[in-house]
Every structure is written in structure tokens, then in C-alpha cells.
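Have the sequence and the 3D view ready as you read.

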Amino acid sequence: MHCGDPVEQVALRPGMTVGELVDALSRAGAYNGGALAKAAGIYERMLRDPEAVKFFGLAGAMVPAGMGRIVSDLIDRGHIDVLVTTGANMTHDIIEALGCRHFHGTAECSDIELRHDEINRIYDVFLPNEAFIRFEEFMQQALSELPSEPVSIAQLLQHLGERLDRGILASAVREEVPVFCPAVADSMIGLQYWLFSQTHRATVDTFSDMKPLIDLCFSAERTGAILVGGGVPKNFILQSMLMTPNGFTYAVQLTGDRPDLGGLSGATLDEARSWGKITEEAEAVTVYGDATITLPVLVAAVWERLSHA
């Protein structure tokens, strides 16, 4: 018999919670709705595992899309032990923490007009240049207060977070969660560092984060990873296991990219087994879709389950 359990039709009703919706999707069990339901189960087990070190990869520019608060709340709840992200996310996190805002815009617009009006577009999110003026003032002051000895990228981000009272970096400082950003030069933070270095001495050691990260992977009993998107954060997290005899025990990837194009962001987690980045027995699933939809649904559903425990 090749058939499994019957597919149950999803029954919606007024007042249905996110957790109840995901439970219904698990009973339907098809396509990416079923994958999202499976991801919720894996994520719940990871968070309930007291021995699991919890990694979180945040690619792209999710903060402008309103996803930053989810990440800072996860840190505050103790659901992230290690964060790996992009310079873009941290740039926009700082901008929000300074009191500047991102605004609803549209993708159907004249980008030339926006350029003339000093408004920057991230698909359908607008950000006026005034925000980057505030950002530059903050960065130049913060960089002037760096110690004279070289610092790692994680130490640089901690230094910045200590000067903020909200957002991802501020939460990471309060909860002592390291934030790794291996491609920080590819961002406005990197440009501000370059600008500062033209007239001041400051040294960021881009390789010194490797030791504490790999040491953590060696010492962890078990590890789990939530990967929002792909790119550098995904690879930096998964490759950390290559120097150890270990592999990730739990892994959930939320991506909109295809595997058949050969890019890292669409690569399946099964492919990671061939490298030994995740274990042969690991619980792993990829959910294909827009992470601005799948991430809040996944987190809300699992928080609901945890609150009922």
C-alpha cells in the first residue's frame, strides 16, 4: 500500500488561531502548506530541546518589511542563541532604533522621480535619505568610540547595540546573544566604516569570529537552525559544522528560491546532508514561499503551542 493517511479538507472558521490553522494544514498535508506544518513541528521540538543551541539565519532585507520585531522578540524570549544576518538587516535595524521609519510605497512608480526626491526604494517600501543622515551621524560617533585594539565583526555589532535602546542589536546585547555578520562590508555599515577609516585608525578583524563560532559548534550537544532566506547567513551557519564531527539536528529553511538553479538560497537541506552540515538523521524541511508570510505564521503557531504546554 503506497498511500498514507487521507488528506483532510481544511475547515476555516471565524476566530481561528494561527496555531489552529497550521494544525489544519498538517492534516491536509499537501504542498508547502504541509511543509509549513512540518516546519512548525520541527521548530517546536527544537525549542523544547534543552540541549539544542539555536541558530537563526536572517538573509536579505527583512527589517524594512516589518520582520525585525519578530527577531528581537525571539531573542528576548531566549529562542535564539546565535544570530547570523546581513549588513542590510543591521543597517535598517539601527535606522529603526534611531526613531526613523520605513514607509509603505509601491513597486509601480518612477524610480527616477524617487531619486530626485531623495527616496530609496526596497521593492514596495520607501526610505527617505534623511534616515541615512541620522544613521551616518550615529555610526561616525559610535566608530569614534571603538577601542584602539582590533575588534571582530561581532564585537563591532555589540558595540553598536550597546548604544541603542531597542531593536535586534539592542536585544542581542541585553540577552548576550552574539550577532555574526560575515558580509558586513556589503552594507551601509561597511561604507560608514570605510568612510571613518579614511581619517581615523580602526581595525575590524573579519576572520576572528570563526573561532568562537566553531568552538560553540564543537561543544554543543545538539544544534538547530532556522534559515530565513539563504545567501551568506545560511552558508556561514551550515559551514560552521564542517570543521567538527557534528551536524545540525534540526533545520528549517524558509525560501522563495528554486533548487534547480544551483544557487545556495534554493539549495535543499537534503543537499546539506551530503556535506555533513546536517546529520543523516536530522529533522529538516524547506518551505518554499515568501518569508514575510511563512516566518510570522511559523513563529506565531509555535509560540501558541509553547504557551499551551
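## Ground rules

This is a predicted model, and local features need pLDDT of at least 70, side-chain atom pairs count only at pLDDT 80 or more, while totals for chains, interfaces and linings use all residues. Residues are numbered from 1 along each chain as its sequence is written, and side-chain values use heavy atoms, with hydrogens and water left out.

Helices (H or I, at least four residues) and strands (E, at least two) are DSSP runs, numbered from the N terminus.

## α2 and α13

Start with helix α2 (residues 31-48) and helix α13 (residues 291-307): their axes are 9 Å apart and they pack at an angle of about 50 degrees. Axes here are lines fitted to C-alpha atoms, for helices over the stretch in contact, and angles run from 0 to 180 degrees between N-to-C directions. So α2 and α13 are oblique to each other. For angles, under 35 degrees counts as roughly parallel, over 145 as roughly antiparallel, 65 to 115 as roughly perpendicular and the rest as oblique.

Ala, Val, Leu, Ile, Met, Phe, Trp, Tyr, Cys and Pro count as nonpolar, Asp, Glu, Lys and Arg as charged, and the others, Gly among them, as polar.

## α6 and α9

Helix α6 (residues 129-144) packs against helix α9 (residues 188-197) at about 55 degrees, with axes 10 Å apart, so α6 and α9 are oblique to each other. Their crossing is right-handed. The contact includes Phe132, Phe135 and Met139 of α6 and Ile189, Tyr193 and Phe196 of α9. It has nine nonpolar, three polar and one charged residues.

## α3 and α8

How are α3 and α8 placed relative to each other? Their axes are 9 Å apart, at an angle of about 5 degrees, which means α3 is roughly parallel to α8. Gly68, Val71, Ser72, Ile75 and Asp76 in α3 meet Ile168, Ser171, Ala172, Arg174 and Glu175 in α8. That contact divides into four nonpolar, three polar and three charged residues.

## The largest pocket

On a 1 Å grid over the protein atoms alone, a pocket is an open set of points where a 1.4 Å probe fits, with protein on both sides within 12 Å along at least five of seven lines; lining residues have an atom within 4 Å of a point.

The largest pocket holds about 590 Å³ of space. It is lined by 25 residues, and Gly66, Gly68, Arg69, Glu96 and Arg101 are the closest to its centre. The largest share of the lining, five residues, comes from α3. Overall, the lining has eight nonpolar, eight polar and nine charged residues.

## The second largest pocket

Here the space is about 420 Å³. Of the 23 lining residues, Ala61, Met62, Asp290, Ala291 and Thr292 lie nearest the centre. β10 (248-255) and α13 each supply at least two lining residues. By class, the lining has eleven nonpolar, nine polar and three charged residues.

Conventions:
Points joined across faces, edges and corners; volume = space filled by probe spheres on them. Contact = heavy atoms within 4.5 Å. Left-handed = near helix turned anticlockwise from the far one by under 90°.
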